[in-house]
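Colleague: I am new to reading structures, so please take me through this one step by step. I will ask, and you can show me how each answer is reached.

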Amino acid sequence: MSKLNGFCNIDTRQFTDIYDKYGAPAYVYDGAAVAARCAAALSMPNAFGIGVRYAMKANSNRTLLREITQSGLMIDASSLAEARRAVMAGVGCEKIILTSQEIPEDGDRAILEDMMRRGLLYNVCSLRQLRLIGDFAAENVTGLSIRVHPGVGAGESASRNTGDQYSCFGVHLKDVGAALEYAGGKGLKFTHIHTHIGSGGDPELWRGNIDRLLAIVGKYFPDAASVSFGGGLREARMPGETAADIDALGRYAAERIGEFHVRTGRKLRMEIEPGTYIIANAGYALTRVIDKKSTGDGGFNFIVVNGGMEINARPQLYGSRHPFYVVSRDGELLFSEFDADAGKTYGAIVTGRCCESGDTQNIDAQGKVAPRALAEPEIGDFVIIGGVGAYCSSMSPFNYNSYPQAPEVLVRENGAIELIRKRQEIEQIVANEL
Ligand SMILES: Cc1ncc(COP(=O)(O)O)c(C=O)c1O
């Protein structure tokens with residue numbers, strides 16, 4: 001048995017089995033790793049109870065939604081369509097919060113209202129949203145959530161910061177007074193106060209957000225029974241990166257909520273909304289080496305694999321770095337980025353097959369395609385890309401160059417390999433064209 005790294009539960013030979021059955025590229029998920037993260041999130045220290053909502057935008061596969069919610073997590077949906085997908089996966093509306101930039105209109109409005117009657121918690125994200133939902137909510141639900149834009153955020157890149165002046169998520173603090181006035185006029189109560197300051201940012205700012213949100217609740221929201229500190233817990237995908245310490249953050253939150261109780265007599269239940277933390281490091285992209293080239297003196301070696309930006313666009317979007325593994329066709333581990341002694345003998349650019357010179361899995365801090373040192377693979381070997389469980393299958397520009405959406409495979413805790421999404425057929429790509 002050999003494993004890609006210390007936290008992977010999949011035997012490298014299983015990647016060969018997966019290739020034989022379903023081909024490459026394919027997403028492969030480590031079910032035991034997902035289950036362990038769900039359990040860890042649910043045991044985050046807290047003062048008066050914790051609710052964990054899985055941010056399904058990270059990965060919305062129906063089987064994964066089922067597994068994650070059956071282990072006790074609820075759902076954070078970012079659109080009505082996501083909420084509907086959760087319901088289609090068997091999740092009850094009462095387990096879903098909807099936090100969206102748009103309020104559904106026309107036919108979708110009736111669907112939203114039906115879901116709210118069945119317990120979906122609507123998270124008001126703007127004054128306009130509040131005005132559009134106010135009358136319905138006053139007559140049909142007991143409380144609303146409000147997402148507050150605190151004015152301070154943090155993200156793994158500027159585009160992942162959702163709390164500063166460059167992003168417009170939530171009701172800005174300057175508008176909270178107007179929201180309260182409107183809600184008061186309708187007899188509406190904000191029972192849940194929410195914020196999400198960004199993804200993958202500095203854990204110190206996440207900690208600061210706890211204080212900020214509690215101060216906001218104390219000042220403005222007498223009816224709040226729960227607070228959500230959002231998602232955004234930083235994950236370490238590459239060796240040398242440091243993940244947020246959720247235990248320490250939980251202890252800090254528990255202390256502050258405890259102090260809030262002493263000051264006010266109010267017991268606030270706490271929520272978090274992790275996406276990345278639950279699934280990022282449980283996902284691997286299985287690709288095969290289809291070519292090797294070089295660009296001569298002063299140039300680079302290139303390893304061309306059959307899955308790149310259409311599988312994982314995070315390097316292009318955020319400059320994110322993902323670990324590489326090389327596994328032979330018969331399942332022998334030849335190189336792991338996590339093995340300090342691995343022979344990093346070959347400097348190469350790992351490039352995808354899309355007609356785009358930026359289609360690489362390694363981009364440097366200046367935004368340029370960059371080589372990385374690894375062991376030289378042969379044509380036909382597998383290059384496996386780690387850390388692709390979150391925001392890859394759900395967010396990549398699949399169908400560029402008409403490449404079909406890759407299949408998804410779950411390796412269950414007992415080692416069983418299960419196809420959880422088929423490879424797309426070319427007929428499906430063109431199905432809606434007239
Ligand atoms: C409202 C909200 N909650 C939670 C998350 C999950 O963030 P992460 O995957 O970084 O945990 C996001 C991500 O964008 C979000 O917008």
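Colleague: What does asparagine 401 count as, going by its C-beta neighbours inside 10 Å?

Modeller: Asparagine 401 has 14 C-beta neighbours inside 10 Å. A residue is buried with 20 or more other C-beta atoms within 10 Å of its own, exposed with 12 or fewer, and partly exposed in between, the C-beta atoms being placed from the backbone. Because of its 14 neighbours, asparagine 401 counts as partly exposed.

Colleague: Before we go on, what kind of model is this?

Modeller: Residues are numbered from 1 along each chain as its sequence is written. Local features need pLDDT of at least 70, side-chain atom pairs count only at pLDDT 80 or more, and totals for chains, interfaces and linings use all residues, since this model is predicted.

Colleague: Thanks! Where does serine 402 lie?

Modeller: Let us start with the backbone: serine 402 has a positive phi of about 60° although it is not a glycine, and asparagine 401 also has a positive phi of about 60°. Serine 402 has 10 C-beta neighbours inside 10 Å, so it counts as exposed. To place it, we use helices (H or I, at least four residues) and strands (E, at least two), which are DSSP runs numbered from the N terminus. Serine 402 is in the loop between S17 and S18.

Colleague: Which peptide bond is cis, with omega near 5°?

Modeller: Look at the loop between helix H1 (12-22) and strand S1 (26-30), where proline 25 lies. The cis bond there, with omega near 5°, runs from alanine 24 to proline 25.

Colleague: Now the whole chain. What is its radius of gyration?

Modeller: The chain has twelve helices and 19 strands, and its C-alpha atoms fill a box of roughly 70 × 50 × 45 Å along the principal axes. The radius of gyration is taken over C-alpha atoms, and the globule rule is 2.2 Å times the number of residues to the power 0.38. For 434 residues, a compact globule would have a value near 22 Å, and the chain agrees with 23 Å.

Colleague: How many residues of domain 2 are in contact with domain 1?

Modeller: By an automatic or database domain assignment, the chain is divided into domain 1 (12-28 + 280-430) and domain 2 (31-279). Their C-alpha centres lie 32 Å apart. Two residues are in contact if their C-beta atoms, placed from the backbone, lie within 7 Å. Counted that way, 26 residues of domain 1 meet residues of domain 2 numbering 22.

Colleague: Which strand supplies the largest share of the side of domain 1 that touches domain 2?

Modeller: Strand S18 (408-411) and strand S19 (417-421) each supply at least two residues of that side. The largest share is three residues, and it comes from S18.

Colleague: Let us zoom in on a strand. What does leucine 144 count as, going by its C-beta neighbours?

Modeller: Leucine 144 is in strand S6 (residues 144-149) and touches Tyr122, Val124, Ala137, Leu188 and Phe190, leaving out residues up to four places away in sequence. Its C-alpha is 4.9 Å from that of phenylalanine 190, though they are 46 residues apart along the chain. With 24 C-beta neighbours inside 10 Å, leucine 144 counts as buried.

Colleague: And how far apart in space are aspartate 223 and lysine 189, C-alpha to C-alpha?

Modeller: Aspartate 223 is in the loop between H8 and S9, and it counts as partly exposed because it has 15 C-beta neighbours inside 10 Å. Beyond four places in sequence, it touches Lys189, Phe190 and Thr191. Aspartate 223 and lysine 189 are 34 residues apart in sequence, yet their distance in space is 6.4 Å.

Colleague: Which helix do the buried residues of H8 pack against?

Modeller: Helix H8 (residues 203-220) has 18 residues, and its buried ones include Trp206, Ile210, Leu213 and Val217. Those buried residues pack against strand S8 (190-194), strand S9 (226-228) and helix H9 (246-264).

Colleague: Last one: how many charged residues are in the shell around the ligand?

Modeller: A residue is near a molecule if its C-beta atom, placed from the backbone, lies within 6 Å of it. There are 18 residues around the ligand, and Ala55, Ser199, Gly231, Gly275 and Thr276 come nearest. For classes, Ala, Val, Leu, Ile, Met, Phe, Trp, Tyr, Cys and Pro count as nonpolar, Asp, Glu, Lys and Arg as charged, and the others, Gly among them, as polar. The shell has six nonpolar and ten polar residues, while the number of charged ones is two.

Key: Expected span 1.5 Å × (residues − 1).
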